[in-house]
Amino acid sequence: IYLCFMKSYGFLLVMSIVLSGFSCSGGKMNTPLLVGTFNKGSDNGLFLYDFNLKEGSVKPVAGSDAGINPAFFCFSGKGDLIYTINEVGTYNGIDKSGGLTTLKYDRNSGQIQKLSDMAVPNGGPCHISISADNGFLFIANYDGGSVAVITLDEGGIPEKISDTIFYEKEGKGRFGYDRRDN
């Protein structure tokens with residue numbers, strides 16, 4: 001489920017209700033709701049809420065530093081890791097790159113902890129997915145017209161970019177550089 005709405009501090013992007021399955025307790029149906037925001041990098045960018053499906057109410061649980069503009073995410077096969085892409089054109093001082101942030105999700109406490117981050121070449125990441133064997137992440141980059149393949153270690157932590165697939169398309173990307181220059 002994707003919803004956008006305006007707040008005084010910017011846009012909130014409600015990204016998904018898929019952290020875990022539904023749980024019923026005393027007639028209430030609750031599920032975790034993960035919310036990513038376009039932030040300035042100094043604020044928490046990812047928030048966990050308890051969403052009551054029966055009443056339609058939300059209660060804040062935790063916030064986490066997911067880097068700047070955590071625009072899309074996916075989960076490890078076990079559901080204990082959250083991989084977010086940081087939708088920017090320059091990441092950690094590296095021009096024409098976006099970011100990948102890995103977070104640990106503790107289902108019992110509801111806490112989210114940042115584990116690692118890395119720059120991903122070609123800027124403007126817009127989608128992330130995980131391979132069926134949980135060994136790789138795939139990050140589509142809007143501006144660079146490419147897909148980065150990231151190798152995961154046995155614990156699910158990103159190790160390195162093992163491949164980049166480029167797609168030919170003329171024109172300027174969203175962050176202003178020519179896609180053919182990559």
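Strands β5 (residues 46-52) and β6 (57-64) pair in the antiparallel sense over seven bridges; strands are DSSP runs of E with at least two residues, numbered from the N terminus, and two of them pair if DSSP finds at least two bridges between them. Across this pairing, F47 stands opposite G63 in β6. The two strands form a hairpin with four residues between them, and in the turn G56 has a positive phi of about 75°.

A word on the model: it is predicted, with pLDDT of at least 70 needed for local features and 80 or more for side-chain atom pairs, while totals for chains, interfaces and linings use all residues. Residues are numbered from 1 along each chain as its sequence is written, and side-chain values use heavy atoms, without hydrogens and water.

Is G67 buried or exposed? G67 counts as buried because its relative accessibility is 6%, and buried means under 20% relative accessible area with a 1.4 Å probe, protein chains only. Beyond its neighbours within four places in sequence, G67 is in contact (heavy atoms within 4.5 Å) with N39, N86 and T101. Its C-alpha lies 8.5 Å from that of L100, 33 residues away in sequence.

L100 takes us to the largest nonpolar core, where it is among the residues touching the most other members, alongside Y83, I128, L137, I139 and I150. Such a core is a set of buried Ala, Val, Leu, Ile, Met, Phe, Trp, Tyr and Cys residues joined through side-chain atoms within 4.5 Å. Apart from it lies another core of 10 residues, including A66, F73, F75 and L103.

How values were computed: Buried means under 20% relative accessible area, exposed over 50%, partly exposed in between (1.4 Å probe, protein chains only).
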